[in-house]
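Please open the structure in the viewer and keep the sequence beside it.

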Amino acid sequence: MSAVLITLAACSEFFEEPIDGSEVVLLSPGEGVGTTTYVMQFLWEPLDNALVYQLQVAAPSFASPIHFYADTLLEKHFFRVSLEPGAYQWRVRALNGSSETAYSTRSFDIHEAALSHQTVLQEAPAENHVTGQEEIKLSWQSIFNATGYRLQVDTNSFIEGEKPLLEEEIEGWEVGLKLPREHRYQWRVRAENDTAYSRWSSVRTFVVDRTPPPAPVLSLPANNAQVSRPVDISWEKATGSSTYMVYVYKADSTLFSGSYPIRQTGTSFTFHEGSKGETILWRVRAVDPAGNVSNYSRWRGFYLRN
């Protein structure tokens, strides 16, 4: 946590408002609440001038903890976790680069209930995740009193009455899948034991994409142009790309420095280096959201006249 605070302090030392006199207002669960739902969503009001929040969950209390179920820094003002039946306390404090609030604390109880009343909480990948890897890992949080989990993967959104693309019984909370076909997939999971099963989780989508984008087409400066520093170089957007890798070379085709290639989100880059009379070469590759990398663009060069 100290590394985070040092970074925040460097960014906001001269303009942030102190928050040490403020209070984080907790919303849910309420003080003394009892519930039969194992997946808990913690919610609090966002605090002006806070940069992150520290959430902790302990059982049965912070004064005499047996287990810590969460201790995490969050930029958002909510958090979900699957817990076992028992007594708990949760607390939140806000932090910025130079100050922090006191913790706001509440207690709650989870009562044991039928597995059929519960829902599995998925962890990864996030909704609409895009990957080009050979294997994708699906994971979820465990549920009290479950002995296994049933995973389903489909490409047709689990239409009732139709068999899903894939169905597996899993003992743990993670599985690696190798899906040979590029496609948009959906997945869901439920907990099971010898006598009951939970509700299905929500349906999440991920995309398998192993096709690289086309190579970028370079725009400016024109090949072999004489230019003055700084030099604005640009290229056309490559279909399906999200970032670009810019390669700049010396005249002998060795990279200009160890900082290259430079990753850019836009379609331009300003080159400030080099010496008068030097010839500079450059080219670009496109990268899509799945991490697939295009071929190189064509080479171009320019001459520095100052």
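In which loop is Ile66 found? Ile66 is in the loop between S4 and S5; strands (E, at least two residues) and helices (H or I, at least four residues) are DSSP runs numbered from the N terminus. This is a predicted model, in which local features need pLDDT of at least 70 and side-chain atom pairs count only at pLDDT 80 or more, while totals for chains, interfaces and linings use all residues. Residues are numbered from 1 along each chain as its sequence is written, and side-chain values use heavy atoms, with hydrogens and water left out.

Select Ile66, which is exposed, with a relative accessible area of 64%. Here, exposed means over 50% relative accessible area, buried under 20%, and partly exposed in between, with a 1.4 Å probe and protein chains only. Leaving aside neighbours within four places in sequence, Ile66 is in contact with Ala59 and Pro60; contact means heavy atoms within 4.5 Å. Select these two residues next: a cis peptide bond joins Ala59 and Pro60, with omega about -5°. Pro60 lies in the loop between strand S4 (52-59) and strand S5 (67-74).

**Second stop: Asn49**

Asn49 is in the loop between strand S3 (39-44) and S4. Its phi is near 75°, a positive value in a residue other than glycine. Asn49 is partly exposed, at 41% relative accessible area.

The structure holds 17 aromatic pairs. Rings of Phe, Tyr and Trp (its six-membered ring) pair if their centres lie within 6.5 Å; planes under 30 degrees apart count as stacked, over 60 as edge-to-face and the rest as tilted. Select Tyr38 and Phe144, an edge-to-face pair with 6.0 Å from centre to centre and 80° between the planes. Tyr38 lies in the loop between strand S2 (33-35) and S3, and Phe144 in the loop between strand S11 (135-140) and strand S12 (148-154), so the pair ties together parts that are 106 residues apart in sequence. Tyr38 is buried, at 1%, whereas Phe144 is partly exposed, at 27%.

Now select Phe42, Tyr69, Tyr88, Trp90 and Phe108, which form one aromatic cluster.

**Fourth stop: the nonpolar cores**

A nonpolar core is a set of buried Ala, Val, Leu, Ile, Met, Phe, Trp, Tyr and Cys residues joined through side-chain atoms within 4.5 Å. The largest one has 44 residues, and those with the most contacts inside it include Phe42, Trp44 and Leu138. Another core lies apart from it, with 20 residues, among them Val227, Ile233, Ala238 and Phe302.

Four bridges join strand S19 (residues 231-235) to S22. The bridge partner of Ile233 in S22 is Phe269. Pro230 is in the loop between strand S18 (225-227) and S19, and a cis peptide bond, with omega about -10°, joins Arg229 to Pro230.

Note on methods:
Two strands pair if DSSP finds at least two bridges between them.
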